[in-house]
Amino acid sequence: MDLQSPDASLPPSASPSAAPDASPVPAAEHAPTPATGSGASPASIVPGTEWRELPPAARTVFTLGGLIGGGVTGTLFGALAWAILSGMSGAPHPALVAGGLIAVFAATSAWRGWFRWHHTRWRLLESGIEVRVGRFWRSETLVPRSRVQHLDIDRGPIERRYGLATLTVHTAGTRTAALSQPGLLDADAVALRDALLPEANGNDDAL
Amino acid sequence: MTTPSEPGEVAPERRLHPVSWLFVLIEQLMQFALPLLVLLFTGRGDRGEFFSFIGVGALALYSVGQYFTYRFRVNDDGLVIRSGVFQKSVRHIPYNRIHNVALHQSLLHRLFDVAEVRLESAGGARPEGQMRVLSIRDAHALEALVRERTARTTGVIVGADGVAAPGAEPERTLLALDTGDVVRVGLISNRGLVVVAALIAATMQASSELFTQIVERWTRVVLGWTRELHLSTAGTVISVISLIVVAMVLLRLLSVVLALLQYHGFVLTAEGRRLRVERGLLSRLRGSLPRRRIQAYTVREGVVHRWLDRQSLVVDSAASEAPDGKRSLREIAPVGTPDQVSTLIRELVPALTWPLPAWERLHPRAWRRQFTPSLVAVLLATTVLVWRVGTPGLWTLLLVPFALWRAIAWARRAGYSSTAGVIAVREGWLSRTWRFAETKKLQALALTQSPFDRRHGMATLWLDTAGAGRREPPLRLRYLPERIARELHAFLTTAMDARVNAQRESPGASTNR
């Protein structure tokens, strides 16, 4: 099974000092290695209990993403409104209504993106990874280390430009089959992945 | 086929039963049957349909041709299946990935003494291997072989029980339903609903007048009868109600017939570390499940259950749900007396004493959370009715004390329990459900708070398990005091960390009442 050699899946961006550690021991059991040698302060994830915020760059990404998404939805509704209103007489100018709809949708989605950025916290505990989202409807989700099946790191075009990544933790559960957290610093995401990789020596068949 | 190959020698390649082409053809035609029939009866006989028939025929012939290329081999560590005409595929299925060998026999299968074999594994919507068809002797041999080989390979990894020699594990019947019980299954569940809905849709499609004609004729019959008794508006009401009642009775009858077809001769057997279910009247289904793959349990006791003094036990297993539902082994006790269900649970989870002696109560103000939505709904309904009908609409306010009583009764009955490495929650007042899972089977935890939760200082604890069905209630503890929710969260985190394969006790499991 793949668990025998987790190092085979380490990305090339892993720092050279991490690669010679060919023994399949997870990062949490020895001093965590810096996840990337990109020159700036290396992000080392030490399991702790304080909550970390998402980086400021993520605010831009979330807001931008919301703007674009809302703009697309707004355009669809605007086109619909245009089609409906251009047939009616005495109605306000269709372009105004369509423009208004686009603006409203884009602004709302952008605000929601900002809100989500502002109210997301994550932390790496000894027991696993925990993510807290929301202000009015709050949810804290914990995925224990022993239940991680596999991990994905995705980098969309906008995220790449700002040096961010999305970490997806897969479990065998149904509701939390994939816990996805966008907007993490690329170094943080890689360090988290290394820290959470299932241990190679335990045949933890948690099913 | 009946003799497994010796380890070390190359297993011979085997083929499917010679009559498989018939079943493959039938299955292909059945996929196109409905459109074909519709085309036949409603078509106008022009050229286009002729070509579509040809297309269907070609597709059917192609799939029959596929049968001729199907070969499989029983190796020491798994099965190797080769198939394909143009796109050749070779599939290796290790034995320890096979969780269930399901046998399916319809009437036609029984006529030829063959069976369809499906090899299911954890995850994936389609079975890993599907053999259509093998002779029934070969199918049983394959089933026994997989069971033996699985025990042999997983016995090495688990190591706890040792490896039992094949055939030496005693079989015990855990539950056998007689016809009366199966009739109860039909009465309890509304099985025919989908069929009836499909029928109604079909008739309305074919001729939309047919449906209204039926309703009109019925109303005329009943109205004529009521007119003799000189009832006026009451007559219409009676005719509508009578139509509904007759429809419901017919629906339940259909449900009973379907249950008889599907569950007749239901037997739940324990063979070693597996559970096996056999059921079916015309088409026999046979599936098995390793016990340790059971993730969570649901016990249901609805209103009709209570009238008939029965409960039903459904389990989630690590295999995923198939769209047709034919293969999933979920209902290990479609009905059973509470005693039978308790015995089953004690058999499957030995550490648990069921029924649980003590349940913890929810937050003292949980009744308010249940009451407020009903109150809002009643007020809304009253407003709408008063606006429409006038003062008589105020009578709906009588529902408010009923809703209050219901909320208080619900909150008094609801509870949770965390003992003996099992976390359980019970909810429901008229229609009761118990849902529980072993702590070591939990996959993730989530703590949520809605604004209403925060107002009262409550929180909801969600416990995620693998393979939770969509029809089961989620495993969640609602309306907990926030402090208790966080304590439970911390306790469960530690309990989940205990290694599955280690033998040590999870901390605090026995001390938490």
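Q: Where does B:Pro355 lie?
A: B:Pro355 is in the loop between α10 (338-348) and α11 of chain B. Helices (H or I, at least four residues) and strands (E, at least two) are DSSP runs, numbered from the N terminus. This is a predicted model, where local features need pLDDT of at least 70, side-chain atom pairs count only at pLDDT 80 or more, and totals for chains, interfaces and linings use all residues, while side-chain values use heavy atoms, with hydrogens and water left out. Residues are numbered from 1 along each chain as its sequence is written, and chains are lettered from A and ligands numbered from 1 in the order in which they are written.

Q: What kind of peptide bond joins B:Trp354 and B:Pro355?
A: A cis one, with omega about 0°.

Q: And which bond joins B:Arg132 and B:Val133?
A: That peptide bond is cis too, with omega about -5°. B:Val133 belongs to strand β7 (residues 129-135) of chain B.

Q: Back to α11 of chain B. Is B:Thr382 in there buried or exposed?
A: B:Thr382, in helix α11 (residues 366-389) of chain B, has 5% relative accessibility and therefore counts as buried. Buried means under 20% relative accessible area, exposed over 50%, and partly exposed in between (1.4 Å probe, protein chains only).

Q: What is B:Thr382 in contact with, leaving aside neighbours within four places in sequence?
A: With B:Gly393, B:Leu394, B:Thr396 and B:Leu397; contact means heavy atoms within 4.5 Å.

Q: What about phi of B:Asp309?
A: Phi of B:Asp309 is about 55°, which is positive although the residue is not a glycine. B:Asp309 lies in the loop between α9 (303-307) and β13 (311-317) of chain B, and is partly exposed at a relative accessible area of 47%.

Q: In which sense do β13(B) and β14(B) pair?
A: Antiparallel, over three bridges; two strands pair if DSSP finds at least two bridges between them. In β14(B), B:Gly336 is the bridge partner of B:Gln311. Strand β14 (residues 331-336) of chain B is mostly covered, with five of its six residues buried.

Q: Now the interface. How many residues does the contact take from chain A and chain B?
A: 26 residues from chain A and 33 residues from chain B. The area buried between the two chains is about 2500 Å², with 45% of it from carbon and sulfur atoms. Buried area is the accessible area (1.4 Å probe) that two parts lose on being put together, summed over both.

Q: Which residue forms a salt bridge with A:Glu140?
A: B:Arg486, with the closest N and O atoms 3.3 Å apart. The rule finds one salt bridge across the interface of chain A and chain B, a salt bridge being a side-chain nitrogen of Lys or Arg within 4 Å of a carboxyl oxygen of Asp or Glu.

Q: Which strand gives the largest share of the side of chain A that touches chain B?
A: Strand β4 (residues 138-144) of chain A, with seven residues. β4(A) pairs with strand β18 (residues 444-449) of chain B in the antiparallel sense over five bridges.

Q: What stands opposite A:Glu140 in β18(B)?
A: B:Leu447.
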